[in-house]
Amino acid sequence: MPAQRTSDVRIDGVAIKLHRVGQGVPILFLHGANGLPQWLPFFDALADGYEVLVPEHPGFGGSDDPPWIRNVGDLALFYLDFAEELGLTRFHLIGHSLGGWLAAEIAVRDRARLLSFTAMSAAGIRVPDLPSGDLFIWGPEETVRNVYYDQALAERMLAVKPTEEQMDILLKNRFTATKFGWQPRWLNPDLEKWLHRIKVPAQVVWGREDKIFPWQYAELWMKRLPDARRLVMVEHCGHAPHVEKADEVIPAVRAFLKEASR
Amino acid sequence: MKLLSFHLMPYRHLDFEAAAKHRSAWVVLPNELYDPVKGAEEYERHIDLLVYSEKLGFDGLGVNEHHQTAYGMMPAPNLIASALIQRTKSIKIAVLGRALPIVNNPIYIAEEYAMLDNLSKGRIIAGFVRGIGAEYHSSGVNPYFSHERFHEAHDLIVRAWKEPGPWSFESENFNIRYVNLWPRPYQKPHPPIWIPSQGSSETVAWASHPDRKYPFLVTFSSEELVTRYLTTYREKAREYGYEAAGGQLGWAAPIYVAETDDRAKEEAGRGIETLFNNYLRMTSEMLIPPGYTSLQSTKNFFRMRQNMATRSAFMSADQLIGNGTAVIGSPRTVRAAIERMREKTGFDILIGMFQFGVLTDELARRSLDLFAAEVMPHLRK
């Protein structure tokens, strides 16, 4: 198993934590609203033949929280600077949840560096009259139960009591998630009409039982992405397919990346 | 001492059993539980009670703003203020206050206050608040930017009152090409601004600043906390190089007076318990959404809440009276509680809430009468 490396990188005067694993064509993975509470087996599994880059967004985890980054559009331009600074000329882009929204904001601005685009349980657009689940009104336990379909898994997650330091990070992440996602809820009303600009091979990965963004959202992504190659709809799975059903998601994602690299 | 009679205007017909099935009496409490016929009656009675206070010699009447809740039926407190203006003669009318961050154009708040000030020929006190956390769920406004929006809206409103228009206002959240108030406020330079608060240190530092010296009103807190917050204001003023006047310090509390302590508790017990346990019931996620207070304050809050949860969640009348959150007792007891607070803090604005929870008008009126006869003269000395 390749070793995970963590470093601080400074972009636009903002220090962010960047985790890396593997070697090869880069994959940039953008995490969701909960941040990156722990390293996932998913990243290691992707890293075979690739270099997986997992930054903690400004305002999350161990990264700086600059007040001038006020919305997901700012964050997208920040990541375009990030890609330039790191010399990522060609890379695969994968975003989960808030990170999926962010990935789309990046891709509609500049797709020149992208080999492929993967939206996983992604925020950013909405299906009319099907509002997203409100994790801002759910309590902490309720949120865990709603994020995972498998309640035994939820139980195991809930049984782990976070340390004081981890609590602080979770609260920081929640503040930043609020900044980006509260109003309008997990949405840029102007994003959907520009998704046609993402003219790269794309796939959509979703949990059928997602209680935050119901599965119909996946179909809207498929409709709007101009080169949508496949929809990976994971049965008996909630909002985090790469955590809850990694065994199914990993081969599907790897197969897609291989095809998109051609 | 300035004495105000304050009202939240609760919906007293709430079916508590049905309400208990929901997360909170705020935001998500189905409005099918509101009966407009009964509600209309409530408005009339609540307004009558406030109007009655003028005759008893109070200096002011107080109303306030809350949204989508049975706790208070005043999403638009200025409408009630307007009605009160028509039914009273000389008493001040304090709106405690309008929630500045949750509007998209604060000019409307400046205009409405200016109108009320004209309608009343200068009887308006303008309260500015951020609204409680639940208001960010019901309005959709992002709590992360609450402080920023509050300060920008405040600056816009005060400038709109003071500076001859038209001019252009520019800020992060509000951009108004033409600011030019018609009407201008009646009072010069503008109505007094009061800041009701639950005591955040950021608000204390801001309100006590020499540029503002806004009266700071601590609401719904234990005697210990009220003392601490008002003392903090005094200390902050000293840091700024001046001595805070008593008129800068206010205390808002439920008050009930009866012939004896026992009788007062018996008559007001259910009212006060329903206020705190049924009407104010909400989750932490509603009360303190992320960003509504600083990271550190939020952390402290959750720590406190955790400790509370390990004890009893229900707040009894005895507890609320015992820690001084509610001032309930004989005239002598009530006088003593207020005097004690005056000795400790030198505060000079008392905002009494004489109706609370399901307390009936008959009892609230009797308590008001007794307060006016047995407590008020003493405080006037």
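This is a predicted model: local features need pLDDT of at least 70, side-chain atom pairs count only at pLDDT 80 or more; totals for chains, interfaces and linings use all residues.

1. In the loop that runs between α4 (107-119) and β4 (124-129) of chain B sits B:Lys121, a residue that is not a glycine and yet has a positive phi of about 50°.

2. A:His236 belongs to the loop between β8 (228-234) and α8 (241-244) of chain A, and it counts as exposed because it has 12 C-beta neighbours inside 10 Å. As background to both entries, most residues other than glycine have a negative phi.

3. Which peptide bonds of chain B deserve a look for their cis geometry? One is the bond that joins B:Trp182 and B:Pro183, with omega at about 0°; B:Pro183 is placed in the loop between β6 (175-179) and β7 (193-197) of chain B. Another is the bond from B:Leu96 to B:Gly97, which is cis with omega near -5°, and here B:Gly97 is found within a strand, β3 (residues 92-99) of chain B. In general, most peptide bonds are trans.

4. Turning to the overall fold of chain A, the secondary structure comes to nine helices and eight strands. The radius of gyration of chain A is 17 Å, close to the 18 Å that the globule rule gives for 262 residues, and chain A is therefore as compact as a globular protein of that length. Taken along the principal axes, the box filled by the C-alpha atoms of chain A is roughly 40 × 40 × 40 Å. Of the 262 residues of chain A, 44% count as buried, and among the contacts in chain A with a separation of 6 or more, 73% are between residues 24 or more positions apart.

5. Within chain A, helix α7 (residues 216-224) has A:Tyr217, A:Ala218 and A:Trp221 as buried residues. Because these residues cover an arc of only 105° around the axis, they lie on the same side of α7(A). What do the buried residues of α7(A) pack against? Their partners are β6 (114-120), β7 (202-207) and β8 of chain A.

6. In chain B, the axes of helix α13 (residues 331-345) and helix α14 (residues 361-380) come within 10 Å and cross at roughly 35°, and the crossing in which α13(B) passes α14(B) is right-handed. From α13(B) the contact is made by B:Pro331, B:Val334, B:Arg335 and B:Ile338, and from α14(B) by B:Leu370, B:Glu374, B:Val375, B:His378 and B:Leu379. By class, this contact of α13(B) with α14(B) has six nonpolar, one polar and two charged residues.

7. Finally, at the interface between the chains, 15 residues of chain B are in contact with twelve residues of chain A. On the side of chain B that touches chain A, the elements that give two or more residues are α10 (284-287) and α11 (295-310) of chain B, and the largest share, three residues, comes from α11(B). By class, that side of chain B has seven nonpolar, six polar and two charged residues.

Conventions: Residues are numbered from 1 along each chain as its sequence is written. Chains are lettered from A and ligands numbered from 1 in the order in which they are written. Two residues are in contact if their C-beta atoms, placed from the backbone, lie within 7 Å. Helices (H or I, at least four residues) and strands (E, at least two) are DSSP runs, numbered from the N terminus. Ala, Val, Leu, Ile, Met, Phe, Trp, Tyr, Cys and Pro count as nonpolar, Asp, Glu, Lys and Arg as charged, and the others, Gly among them, as polar. A residue is buried if 20 or more other C-beta atoms lie within 10 Å of its own, exposed if 12 or fewer, and partly exposed in between; C-beta atoms are placed from the backbone. The radius of gyration is taken over C-alpha atoms; the globule rule is 2.2 Å times the number of residues to the power 0.38. The arc is that of the directions from the helix axis to the C-beta atoms. Axes are lines fitted to C-alpha atoms, for helices over the stretch in contact, and angles run from 0 to 180 degrees between N-to-C directions. A crossing is left-handed if the near helix is turned anticlockwise from the far one by less than a right angle, and right-handed if clockwise.
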